[in-house]
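User: I have a two-chain model to go through. Please take me through the interface and the pocket, one question at a time.

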Amino acid sequence: MPYLNVTEAKNKLTSIRREALTGREFILADAKRKNDPLVSLVSTKLLDELCEKSLTFSFEWVDKPTDSNKTYSLWNKETGIYGIGSSEGEAKKDFLNNIQEYASVYFEDLPYYLSERNPNREHYWYLRQVLRCNGDMEKLYNLFGFKPEA
Amino acid sequence: MGYTFTWDDLEQICCKLGMKRHGKSSIWKGVGPDGIMRTTTIHAKHKGLIGPGLVSKIAKEQLHFESVEEMYRFLKCK
């Protein structure tokens, strides 16, 4: 696997990008900051495929209306994000809003969420998938396996 | 015994745990006196009681209490 320092990578960025598109991963190191962790330059498509194949979202209806409770509550097991509503469809929509908001806050404050002692650190790759949908509701419905409402 | 919580109760619990709302979002996060980093979601539009199933998930998985009962005691203790 090719290792490059930052200066070399800057000079060859166009050809590196072209090679990365074919599947080659480049590992970048900063000679001035020897203790910094390494950074990979890798095809976005390959990363997307890795996430799609290895990560799936699963759900549980933790509340359904009863005499004392009027709401549906949908719980996502992987991220601990929920949605509530007076119907299943409304709860799913609430979940979609909540998870997009969580993804946005998460990526705004990566040092907090990626801290080794943060239990939500493992949400990273799930939320990356949410961000890759870029707010497109059709893609989000597909990602979570929800059937679009008629 | 069944414990009930409103969304306002949940907000109070988050404040006691040292959590703060992230900007104008519905996301609350922060590090508690016990050093645990927590995150939860509280919507201003959500009113009234939280469903019992959801309370249990929020208590144990988001706020890291041992049980709903422990969260209830934490809320009631001054």
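Analyst: Contact here means heavy atoms within 4.5 Å. Keep in mind that this is a predicted model.

User: How many residues of chain A are in contact with chain B, and with how many residues of chain B?
Analyst: The cut-off is heavy atoms within 4.5 Å. By that rule, the chain B side has 26 residues and the chain A side has 24.

User: Which residues of chain A lose the most area to chain B?
Analyst: Start with the total. About 2100 Å² is buried between chain A and chain B, and carbon and sulfur atoms give 57% of this area. On the chain A side, three residues together account for 29% of what that side buries. They are A:Trp75, A:Tyr82 and A:Tyr112.

User: How far apart are the closest N and O atoms in the salt bridge of B:Lys45 with A:Asp94?
Analyst: The count between the two chains is 3 salt bridges. A pair qualifies with nitrogen and carboxyl oxygen within 4 Å. For B:Lys45 and A:Asp94, the closest N and O atoms are apart by 3.2 Å.

User: Which element gives the largest share of the side of chain A that touches chain B?
Analyst: Across this interface, 14 residue pairs are in polar contact, both residues at pLDDT 80 or more. In chain A, strands E4 (59–63), E5 (72–76) and E6 (82–85) each supply at least two residues of the touching side, as do helices H4 (88–108) and H5 (110–113). The largest share is 6 residues, and it comes from H4(A).

User: By class, what makes up that side of chain A?
Analyst: Gly counts as polar in this scheme. The side of chain A that touches chain B has 7 charged, 7 polar and 10 nonpolar residues.

User: Which residues lie nearest the centre of the largest pocket?
Analyst: This pocket holds about 460 Å³ of space. Its lining has 23 residues. Nearest the centre lie A:Asn69, A:Thr71, B:Leu49, B:Ile50 and B:Gly51.

User: Which element gives the largest share of the lining of the largest pocket?
Analyst: By class, the lining has 11 polar, 7 nonpolar and 5 charged residues. Elements giving two or more residues to it are E6 and H4 of chain A, and helix H2 (52–62) of chain B. The largest share, 3 residues, comes from H4(A).

Terms used:
Residues are numbered from 1 along each chain as its sequence is written. Chains are lettered from A and ligands numbered from 1 in the order in which they are written. This is a predicted model: local features need pLDDT of at least 70, side-chain atom pairs count only at pLDDT 80 or more; totals for chains, interfaces and linings use all residues. Side-chain values use heavy atoms; hydrogens and water are left out. Buried area is the accessible area (1.4 Å probe) that two parts lose on being put together, summed over both. A salt bridge is a side-chain nitrogen of Lys or Arg within 4 Å of a carboxyl oxygen of Asp or Glu. A polar contact is a pair of N or O atoms within 3.5 Å; within protein, one must be able to donate a hydrogen and the other to accept it, and residues adjacent in sequence count only if both atoms are side-chain atoms. Helices (H or I, at least four residues) and strands (E, at least two) are DSSP runs, numbered from the N terminus. On a 1 Å grid over the protein atoms alone, a cavity is a set of points where a 1.4 Å probe fits but cannot get out, and a pocket is an open set with protein on both sides within 12 Å along at least five of seven lines; lining residues have an atom within 4 Å of a point. Grid points are joined across faces, edges and corners, and a volume is the space filled by probe spheres set on the points.
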